[in-house]
Amino acid sequence: MITWIDLLPSLDCGFTNWEDPRYVLENPLIRETNGAAIKRIFETKEVSLNYHPLTILSLAYDYRLGEITDARPYHRTNLLFNCLNVLLVFLVVFLEPCLRHVRRDLYLFSFDFHVYSPIVD
């Protein structure tokens, strides 16, 4: 919930000039989501010097929702993934039996560090 509230203002932001040109604005891989396009996403060795087809596939899905005119779908997906990631960290840290011998304050530090990290993507 804190992550959702903390990142909610991002929905009102537009595209940035840092990664968005290469990943979204100028990326032909996200324009289509048919079978051939998805195959191309997984076959492409790098986008901006990285190989991460699931990210590109997610961006292609966002493109279908808002194309290039609206950054909101991209930010909404990012917000959803960040909240799910925080939930996953919570479940691993607090509910994993093999980790129970570690002190709870270390759990909380790890969890807080993950939730409030300035690098959330």
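Q: A crossing is left-handed if the near helix is turned anticlockwise from the far one by less than a right angle, and right-handed if clockwise. So which hand is the crossing of helix 3 and helix 4?

A: Bear in mind that this is a predicted model. Here, the crossing of helix 3 and helix 4 comes out right-handed.

Q: How do I describe the way helix 3 and helix 4 pack?

A: In general, you quote two things for packed helices: the angle between their axes and the distance between the axes. For helix 3 (residues 35–43) and helix 4 (residues 53–66), the angle is about 145° and the axes lie 8 Å apart.

Q: Which residues of helix 3 and helix 4 meet?

A: From helix 3 you've got Ile38, Ile41 and Phe42, and they meet Pro53, Leu54, Ile56, Leu57 and Ala60 in helix 4. Sorted by class, this contact has eight nonpolar residues, with no polar and no charged ones.

Q: What about helix 4 and helix 5: at what angle do they pack?

A: Helix 4 and helix 5 pack at about 135°, and their axes are 8 Å apart. That angle makes helix 4 oblique to helix 5. The crossing of helix 4 and helix 5 is right-handed. On the helix 4 side, the contact is made by Ser58, Leu59, Asp62, Tyr63, Leu65 and Gly66, while helix 5 brings Pro73, Tyr74, Thr77 and Phe81. By class, you'll find six nonpolar, three polar and one charged residues in this contact of helix 4 with helix 5.

Q: Is Thr77 buried or exposed?

A: Thr77 sits in helix 5 (residues 72–95). Its relative accessible area is 13%, so Thr77 is buried. Leaving aside residues up to four places away in sequence, Thr77 touches Ser58 and Asp62.

Q: How far apart are the end C-alpha atoms of helix 5?

A: At 1.5 Å a residue, its 24 residues should span 34 Å; the end C-alpha atoms of helix 5 are 34 Å apart, so the two agree.

Q: And where is Leu11 found?

A: Look in the loop between helix 1 (2–7) and helix 2 (20–25). Leu11 has 13% relative accessibility, so this residue counts as buried. Not counting residues up to four places away in sequence, Leu11 touches Arg72, His75, Arg76 and Leu79. Leu11 and Ala71 are 60 residues apart in sequence, with 7.8 Å between their C-alpha atoms.

Notes:
Residues are numbered from 1 along each chain as its sequence is written. This is a predicted model: local features need pLDDT of at least 70, side-chain atom pairs count only at pLDDT 80 or more; totals for chains, interfaces and linings use all residues. Side-chain values use heavy atoms; hydrogens and water are left out. Axes are lines fitted to C-alpha atoms, for helices over the stretch in contact, and angles run from 0 to 180 degrees between N-to-C directions. Helices (H or I, at least four residues) and strands (E, at least two) are DSSP runs, numbered from the N terminus. Contact means heavy atoms within 4.5 Å. Ala, Val, Leu, Ile, Met, Phe, Trp, Tyr, Cys and Pro count as nonpolar, Asp, Glu, Lys and Arg as charged, and the others, Gly among them, as polar. Buried means under 20% relative accessible area, exposed over 50%, partly exposed in between (1.4 Å probe, protein chains only). The expected span of a helix is 1.5 Å times one less than its number of residues. Angles under 35 degrees count as roughly parallel, over 145 as roughly antiparallel, 65 to 115 as roughly perpendicular and the rest as oblique.
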